Amino acid sequence: MAPKYAPDVRSRLAPLLLFLQTGFIILYYFSTEIESNVDGIIFSNFYPVFQDLNVMVFLGFGFLSSFLVRYGFSASGFSFLIAVMATQWALILNGIESWYYSGKIKLSLRSLGVAEMCTASVLISIGAVQGKTNHVQLILMALLEVFGFVLNEWLLQTLLSARNTHCIMVLHIFGAFFGLVLTWILYRKESEQGFEKEKLDRKAGLFSMLGTVFLWMFWPSFNSVLVDDHFPERKLRSVCSTYLALAVSAVASLAVSALSSPEGKVHPANFQSCIFAGGVAVGVSMSVIRYPWEAMTIGLTAAAVSTTGFRYLKSHMLFAFECHDTCSVLSTHGLPGLLGWLTHLLLQIKQSDDHTTAIRFAVFHICVLLITITVSLTMGIITGVLLKWDIWRPPQDKKCFDDQAFWMFEHLAVRK
C-alpha cells in the first residue's frame with residue numbers, strides 16, 4: 001500500500017527547501033566573505049580537526065540513530081539534511097556581530113567548526129522526537145533551535161562575560177532539554193502501548209554501532225576543537241582527558257549494562273548509546289581537569305549514570321510525564337552533561353585560592369546553567385507549540401517510524 005503522505009514530500013518539502021536555500025544564497029551573496037588573512041600553520045593544524053568534526057556530525061550522529069528496523073534511511077538521511085541546513089543558518093547567526101561592525105560575515109575554518117557544533121545540539125534534540133515527526137517539522141525545529149542556541153551563547157557572553165568555550169560546550173545540556181520539552185509537547189497516546197514499527201533489528205544495530213565507533217574515535221577532536229592553538233598544552237590535556245574518559249566509560253557501560261540485566265547480558269542499544277558518556281561529561285568540565293585520574297573517574301561515573309538512566313529512566317519518563325524519548329537523549333547527553341557541569345563546579349571551587357573567588361565562580365557557574373536551561377526550555381516550548389499545528393501534517397501513528405512514508409523503494413512500489 002502506498003504511503004498516505006508520499007505526495008507531501010513534493011508539495012511541501014521541495015518548495016520549503018528551495019525557498020530556504022535560495023534565501024541563504026542571497027544572504028551569503030550580500031553579507032559574507034571568506035577570511036583573507038589566513039595563517040598557513042594554523043590552517044594546516046585546524047583542517048584535520050575540522051574533518052573530524054565532519055565525520056562526527058554527518059556520519060556519527062546519522063548512523064547512531066539508525067538502529068530502528070524500519071527507520072534507518074530516515075534517521076541517517078534526515079540527519080544529513082538537517083545538518084547541512086542548520087550549519088548554513090548557524091554561520092549567518094554567529095556572524096551577526098561581525099556583520100554589524102564590519103558589514104561582512106567573515107567565514108573561516110573556525111567559524112565553520114563552531115557552526116557544526118551548534119548543529120550537533122540540533123542532532124541531539126532530534127533523537128528525542130525521532131520517528132514521530134516529518135521532514136518539514138524537523139527543518140523548522142532545526143532553524144528555531146539554532147537560533148535559540150546562538151541566543152543562549154549571546155546572553156552568556158553579554159550578561160556573564162562567559163568565554164566562547166563555556167558557551168558552546170553546554171550544547172549537550174541545551175540539546176537534551178530542548179528535545180525533552182519538544183517531545184513532551186508532541187506526545188502521542190500511542191506511545192503508551194508502543195508504536196508498532198518502533199523495533200530494533202540486528203542488521204540496523206550494526207549500522208548504529210558504526211556510528212557509535214565514529215563518534216567514539218573522533219570525540220577528542222570535538223572536545224578540543226575550540227581550545228586555542230597557541231596553548232598546545234591545553235589542547236593536549238583536553239585530548240588526553242577525553243580519550244581516557246571515553247575508554248573508561250566504554251568499559252563501565254558494558255559492565256553496568258550486564259549487571260542491570262536479569263539475564264546478565266549486554267543490551268546493544270544501551271551499550272552503544274552510553275559508551276561516550278565520559279566524553280560528554282569531560283567536554284563540559286575539561287577546562288578544570290588537571291590529572292588523568294580525574295578524567296577517568298568522571299568517565300566511570302558518567303557511564304554508570306548514563307547506562308542506569310537509559311535502562312530505567314526512559315520508561316518512567318514515558319508513564320510519569322508522558323515524555324516519549326526515542327533515543328534516550330536525557331540519559332545519553334543530559335545526565336552526563338549535568339554531571340560534567342557539577343564536576344566543573346566542584347573542581348573549580350577546590351582549586352580556588354580563597355572563599356571569595358570560590359563563591360563568585362559558584363554563582364557564575366549556576367547562572368550559566370540556569371540561563372542555558374531557561375533558554376532551552378523556552379525555545380523548546382515555542383517550537384513545540386508551532387510544530388503541533390496540523391498544517392505541518394505530522395505522520396499518523398501507524399506511519400511513525402516508517403521509511404516508506406518519505407522514501408521511494410522500487411521493490412515495494414505499487415505496480416499499476
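The following is a conversation about a predicted model of a protein and about the terms used to describe it.

Colleague: What should I keep in mind about the numbering and the confidence limits of this model?

Modeller: Residues are numbered from 1 along each chain as its sequence is written, and side-chain values use heavy atoms, with hydrogens and water left out. Because the model is predicted, local features need pLDDT of at least 70 and side-chain atom pairs count only at pLDDT 80 or more, whereas totals for chains, interfaces and linings use all residues.

Colleague: How many helices and strands does the protein have, and what makes a run of residues count as one?

Modeller: The secondary structure comes to 16 helices and 2 strands, where helices (H or I, at least four residues) and strands (E, at least two) are DSSP runs, numbered from the N terminus.

Colleague: Why is the protein called as compact as a globular protein of its length?

Modeller: Its radius of gyration is 21 Å, close to the 22 Å that the globule rule gives for 416 residues, so the protein is as compact as a globular protein of that length. The radius is taken over C-alpha atoms, and the rule is 2.2 Å times the number of residues to the power 0.38. Along the principal axes, the C-alpha atoms fill a box of roughly 75 × 60 × 35 Å.

Colleague: What share of the contacts joins residues 24 or more positions apart?

Modeller: Among the contacts with a separation of 6 or more, 82% are accounted for by residues 24 or more positions apart, a contact meaning heavy atoms within 4.5 Å.

Colleague: What share of the residues counts as buried, and what does the accessible surface come to?

Modeller: Of the 416 residues, 55% count as buried, and the accessible surface comes to about 19500 Å², of which 68% belongs to carbon and sulfur atoms. The areas come from the Shrake-Rupley method with a 1.4 Å probe, and for residues only the protein chains shown count as cover.

Colleague: Why is threonine 343 called buried?

Modeller: Buried means under 20% relative accessible area, exposed over 50%, and partly exposed in between (1.4 Å probe, protein chains only); threonine 343 has 14% relative accessibility, and therefore counts as buried. This threonine lies in helix α15, residues 329-351, where the backbone oxygen of leucine 339 is 2.8 Å from a polar atom of the side chain of threonine 343. Not counting residues up to four places away in sequence, threonine 343 touches Ser285 and Ile298.

Colleague: Why does isoleucine 349 count as partly exposed?

Modeller: Isoleucine 349 is found in helix α15, and its relative accessibility is 33%, so it counts as partly exposed. With neighbours within four places in sequence left aside, isoleucine 349 is in contact with Ala358 and Ala362.

Colleague: Why is methionine 296 placed in the partly exposed class?

Modeller: Its relative accessible area is 36%, so methionine 296 is partly exposed. Methionine 296 lies in helix α14, residues 292-321, and touches Leu244 and Val248, not counting residues up to four places away in sequence.

Colleague: Why is glutamine 137 assigned to the buried class?

Modeller: The relative accessible area of glutamine 137 is 2%, and so this residue is buried. The residue has its place in helix α6 and touches Lys132, Leu387, Trp392, Pro394 and Pro395, not counting residues up to four places away in sequence.

Colleague: What makes the phi of serine 161 and of phenylalanine 401 worth a remark?

Modeller: Most residues other than glycine have a negative phi. Serine 161 has a positive phi of about 55° although it is not a glycine, and phenylalanine 401 has a positive phi near 60°.

Colleague: Are these two residues buried or exposed, and where do they lie?

Modeller: Serine 161 lies in the loop between α6 (135-159) and α7 (164-168) and has a relative accessible area of 61%, so serine 161 is exposed. Phenylalanine 401 is found in the segment after α16 (355-387) and has a relative accessible area of 0%, so phenylalanine 401 is buried.

Colleague: Why is leucine 17 called partly exposed?

Modeller: Leucine 17, found in helix α1 (residues 7-31), has a relative accessible area of 21%, and is therefore partly exposed. Apart from neighbours within four places in sequence, leucine 17 is in contact with Leu81, Met85 and Ile139.

Notes
Polar contact = N/O pair within 3.5 Å; in protein donor to acceptor, adjacent residues only side chain to side chain.
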